[in-house]
Amino acid sequence: MKTAVSAVAAAGFPTIVPSSVFGQNAPSNRIHVGAIGAGRISRGHDMPGVWKYDQAQIVAVCDLDQGRVESGKALLNEVYTKKMGRSYSGTLGYSDYREMIGNKEIDAVIISTPDHQHARLAVDAVHAGKDVYLQKPASLTIAEGRTMADAVKRSDRILQIGSQQRSWKQFRRACELVRNGRIGEIKHVEIGLPGDPSGGDATPMPVPASFNYDAWLGSTPVVPYTVDRVMPQSGFDRPGWLRCEQFGAGMITGWGAHHVDTAHWGMNTELTGPVEIWGTAEFPKHGLWDVHGPFKTQAVYANGVTMTISGEFQNGIKFYGTKGWIFVCRDEQASPTATAGEKVTIQPLVASDPKILDSVIGPNEVHLYYSDDQHGNWLDCIRSRKAPIAPAEVGHRACSTCLLHHIAMKTGRRLHWDPVKERFINDDAANAMLSRPQRKPYVLHA
């Protein structure tokens, strides 16, 4: 560590960059951020989401693949060379996140790793005194998510879940309209998710010399290395681990964590979950990739509102009330009902009556937390110490609800859930699925 810090000081560590480079954001005031994970989401979303702000600088990058460490350092050095208007080569590189979070010059970390690493890294980071931006889903299992949320609550750290739909204007607008009764009393929510293909080559391959595969597997069982199980050896295309249940639950948590979080925001159930869940799903019978295929799951909440999640619906969230409906999604989409040769698009925010969307929310009505950028809100909250728009408990509840739907897929029966105790009622077999055995030494410590 001493050697690394000395080398960085010589190369231009942020603490010695002249204040004129960043104007009012003097070096002593900037938030020093470390990026854990240097793959697709980190390079394409999380690091750019932070480096665009002069109040922060990403000073280090960590990855279990040495090639990605070097490419991450090169990317950040190039970015900050352009921002500073002079040559910069001071980005630190780590192959062990524990060394990164042990660096007292680093104030906060972005965790952009595979799902099965999220909770453990977040807990270790807040224990080390770091503020955290955590990619969704919050955890691999419900038990891990509870441990993570409790650890954050006990700390004085700011943890933001990467549920960036909360910072998109159409989602906030939709949820405000629903919360203020513009579609009457809410009765039902439909959530449409994209799907994942089956397939994948399970043929064992030699582990690349530059890749710490054992640490990448983490707490999950040891299985043979193959590129389709992990990530591309070159480039940053969508990795195969997203389609393996060992590392995640598939689209039910991949996109589901976003859409269920939005649904909870509109339903005013952010800090709870359903009380009854059931459904069915098809799972691949061949190939390496084994996350769910076509599915339909149902849930009931204590207030009587019902939810259906399926790939049969348009990608997005549709709220049904006694006086109409509202549908919200990320971008314009082609309608599945369009006939051949017909171009029919669905806008990001539509309603049963267009007048609903023109409604003005009065000063005495519900006004939801405002943010126009998820990473920017995190940085602002690091400064102010106020709660971010997607705190740990809210992210855990969205993720745990998705995992409840996944458990319903696996069991194929009606499940009864206590959202206070976070246990299934009179169902030992289902309760056994709330956690997984953890392989040493990669154990999540409360």
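**Ground rules.** I am working with a predicted model, where local features need pLDDT of at least 70, side-chain atom pairs count only at pLDDT 80 or more, and totals for chains, interfaces and linings use all residues. Residues are numbered from 1 along each chain as its sequence is written, and side-chain values use heavy atoms, with hydrogens and water left out.

**Entry 1: α5 and α6.** I looked up helix α5 (residues 118–127) and helix α6 (residues 142–154), whose axes come within 9 Å and cross at roughly 15°. That makes α5 roughly parallel to α6 (angles under 35 degrees count as such). Helices here are DSSP runs of H or I with at least four residues, and strands are E runs of at least two. I then listed the contacts (heavy atoms within 4.5 Å): Ala-119, Ala-122, Val-123, Val-126 and His-127 in α5 meet Glu-144, Thr-147, Met-148, Ala-151 and Val-152 in α6. By type, I have seven nonpolar, two polar and one charged; Ala, Val and Met are among the nonpolar kinds, Glu is among the charged, and those in neither group are polar.

**Entry 2: Ala-351.** I found Ala-351 in strand β15 (residues 349–351). Ala-351 is buried at 13% relative accessible area (buried means under 20%, with a 1.4 Å probe and protein chains only). Leaving out residues up to four places away in sequence, Ala-351 touches Trp-325, Ile-326, Ile-356 and Leu-357. Phe-327 is 24 residues from Ala-351 in sequence, yet their C-alphas are 6.1 Å apart.

**Entry 3: α13.** Of the 20 residues in α13, 17 are buried, so I noted the helix as mostly covered. Just after α13, I saw that Gly-412 takes a positive phi of about 70°.

Conventions
Axes are lines fitted to C-alpha atoms, for helices over the stretch in contact, and angles run from 0 to 180 degrees between N-to-C directions. Angles under 35 degrees count as roughly parallel, over 145 as roughly antiparallel, 65 to 115 as roughly perpendicular and the rest as oblique. Buried means under 20% relative accessible area, exposed over 50%, partly exposed in between (1.4 Å probe, protein chains only).
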